[in-house]
Amino acid sequence: MTEYIVFWGCLISTRFLNIEVASRKVFEELGVKINDVEGFSCCPEPVISKVADWDLWLTLAARNLSIAEEKKQNLMAICNGCYETLHDTELELEHSHELKQKINERLKSIGREYQGTTHVLNFLEVLVNDIGIEEIKKHVKKPLNNLKVAMHYGCHLFTSGDPNNIWKLPRYFDEVVKATGATIVTYGSERLCCGYPLSQYDYNFALKNLTYQKFKMIKESGADCIVVTCPACYYQLDFEQKTVEKMFGEEFGIPVIHLMELLAMAFDFPNVGELLKMHRVKANALLEIIGGSKSE
Amino acid sequence: MLLADDIIEILKQELGDYISGLQKIKEQKYIIDIERSAIIKAAKLLVEKDIRLITISCVDDGLDFELLYHFEANKNIISLRTRVPKDVNEIDSLASILPGANWIEREIHDLFGLKFNGHPDFRRIILPYEWPEGKYPLRKPMEGIVPKPHRKVVSELIMTGQPIPFTSSTIRRRERMNLPPELPVASLKEESVKEIHELIKKVGYDKKVGFDWKKGGLRYK
């Protein structure tokens, strides 16, 4: 059985428990053991902390990596923001020996060391490379053939050490969605940011120029739902949708589904409806589109 | 005549415990970081060696005043640098031992509102008579570098290692959803929180953002 240390990140483990529940069940179904380890702090998140102090951001991220390294397992990030932080830290410290030395001097004061043996993976890499699309397809008990989905990739998914390969993870995302049987509809602004990072600095501007524009184009595309892989995008598109509707006097009502929930639907897990009830925008109607679920 | 190196040596010998840094920023220009409680002792030492005070500069960085006491010795400039937190807002006056400091301190008070304790004649000196009391033209609002919407996040990150706290209601929600109630995250482990505090202090992030460890939050709202 493949094993990974799992890094949930602060948002999923405290606010979006539906994503954590779905992820645990999906990986269990796919035969992947995920291990929680003691002592992880915030990754730290790459929107505020990285900008505020790059040095601290790198130091705390290296501490997290050193914890994973002790267990001699690769680390799988479920949150895309955490993935960016930990992946970029891995690369930064791999490329600069001086920087690694400087960070390790700090870690030494708390009895830790980062050697660079743990590899950081996005959960999409685990799904596509380690489990495989064909294997995922074998677990699809309820193909989502009638479901039209709009892909929202989110900015962190384009994180890559290789500038010529930034579409690797978004393409993995497409492949996994297609494996469920769902149809991807294009809407023209797939790469447009959800607005979450900008909203941390100028809330109204972000909602008007990013989030609202995205909803308008997705609505025109006729998609039944938006699929995301990032908890921050999930928050922005689901929890802020009502605010956008109120602000611009336009109704959207587009459910926002995390990829792990989409897999849970396709794998026909019982009580998927309970997870969908936790969404701010009503999402249970999607179960009717796919022909119900075991809980009903 | 004493050389700059001799003077610095004397200051280090006599007040070493109060000195936290020494920089030669260019030829004949030195900055010595010293605790504000030792500023009178340092000035006395220099005066006794016939070293003259040129002027005092004050900089308001939002949270603290940085005072630089510039002394001249044999064409060398030695600046004693000290910080006065705005929430303290006072420092001992040099005017009684160095009459030349008298008007400079009054000017700093007029412009920044910083009090100099023990000043013999603390009247207004530079602002016009009709200038309103309690208004200081060069004093900035009490603000650090963290923008308002991020202050809670930064405080939580420093205190617990997580910007979103793992509260008892989170634990209850996790229990209801059959999830491991307490993930072994840093914020729930005393040892891990200690490690994070140590790293934050080592990087100097607490000072950079103006974090008050006793209060458990930023020094500004």
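Predicted model: local features only at pLDDT ≥ 70, side-chain atom pairs only at ≥ 80, totals over all residues.
Guide: Helices here are DSSP runs of H or I with at least four residues, strands are runs of E with at least two, and both are numbered from the N terminus.

Visitor: What makes the peptide bond between A:Cys43 and A:Pro44 worth a stop?

Guide: The bond that joins A:Cys43 and A:Pro44 is cis, with omega at about -5 degrees.

Visitor: Let us turn to the two chains. How do you know that chain B and chain A are in contact?

Guide: Contact calls for heavy atoms within 4.5 Å. By that rule, 32 residues of chain B are in contact with 36 residues of chain A. Chain B and chain A bury about 3000 Å² between them, and 71% of this area is on carbon and sulfur atoms.

Visitor: Why is the pair B:Arg174 and A:Glu20 called a salt bridge?

Guide: The rule asks for a side-chain nitrogen of Lys or Arg within 4 Å of a carboxyl oxygen of Asp or Glu. B:Arg174 and A:Glu20 have an N to O distance of 2.7 Å, so the pair is counted as a salt bridge. Across the interface of chain B and chain A, four salt bridges are found. Over all chains, the structure holds 33 salt bridges. The pair of B:Arg174 and A:Glu20 crosses between chains, from helix α5 of chain B to helix α2 of chain A.

Visitor: How many residue pairs are in polar contact across the interface of chain B and chain A, and which elements of chain B give two or more residues to that side?

Guide: There are 12 residue pairs in polar contact, counting those with both residues at pLDDT 80 or more. On the side of chain B that touches chain A, the elements giving two or more residues are α4 (151–160), α5 (168–176), α6 (190–203) and α7 (205–209). The largest share, eight residues, comes from α6(B). This side of chain B divides into 20 nonpolar, five polar and seven charged residues.

Visitor: What geometry do α4(B) and α6(B) have, and which residues make their contact?

Guide: The axes of α4(B) and α6(B) come within 7 Å and cross at roughly 115 degrees. From α4(B), the contact is made by B:Leu157, B:Ile158, B:Met159 and B:Thr160, and from α6(B) by B:Val193, B:Ile196, B:His197 and B:Ile200. Sorted by type, these residues are six nonpolar, two polar and no charged.

Visitor: Back in chain A, how do you know that domain 1 and domain 2 touch?

Guide: Chain A is divided into domain 1 (2–123) and domain 2 (133–290). The contact rule picks out 29 residues of domain 1 of chain A and 32 residues of domain 2 of chain A. The area buried between these domains is about 2500 Å², with 75% given by carbon and sulfur atoms. A:Asn18, A:Glu29 and A:Asn80 lose the most area on the domain 1 side, together 23% of what that side buries.

Visitor: Why do A:Lys141 and A:Glu29 count as a salt bridge?

Guide: Their closest N and O atoms are 3.2 Å apart, and the limit is 4 Å, so the pair qualifies. The count between domain 1 of chain A and domain 2 of chain A is one salt bridge. Eight residue pairs, both at pLDDT 80 or more, are in polar contact across this domain interface. On the domain 1 side, α1 (10–14), α2 (17–29) and α5 (80–95) of chain A give two or more residues. The largest share of that side, 10 residues, comes from α2(A).

Methods
Residues numbered from 1 in each chain as written. Chains lettered and ligands numbered in written order. Heavy atoms only, no water. Buried area = accessible area lost by both parts, 1.4 Å probe. Polar contact = N/O pair within 3.5 Å; in protein donor to acceptor, adjacent residues only side chain to side chain. Nonpolar A, V, L, I, M, F, W, Y, C, P; charged D, E, K, R; others polar. Axes fitted to C-alpha atoms, helices over the stretch in contact; angles between N-to-C directions. Domains from an automatic or database assignment.
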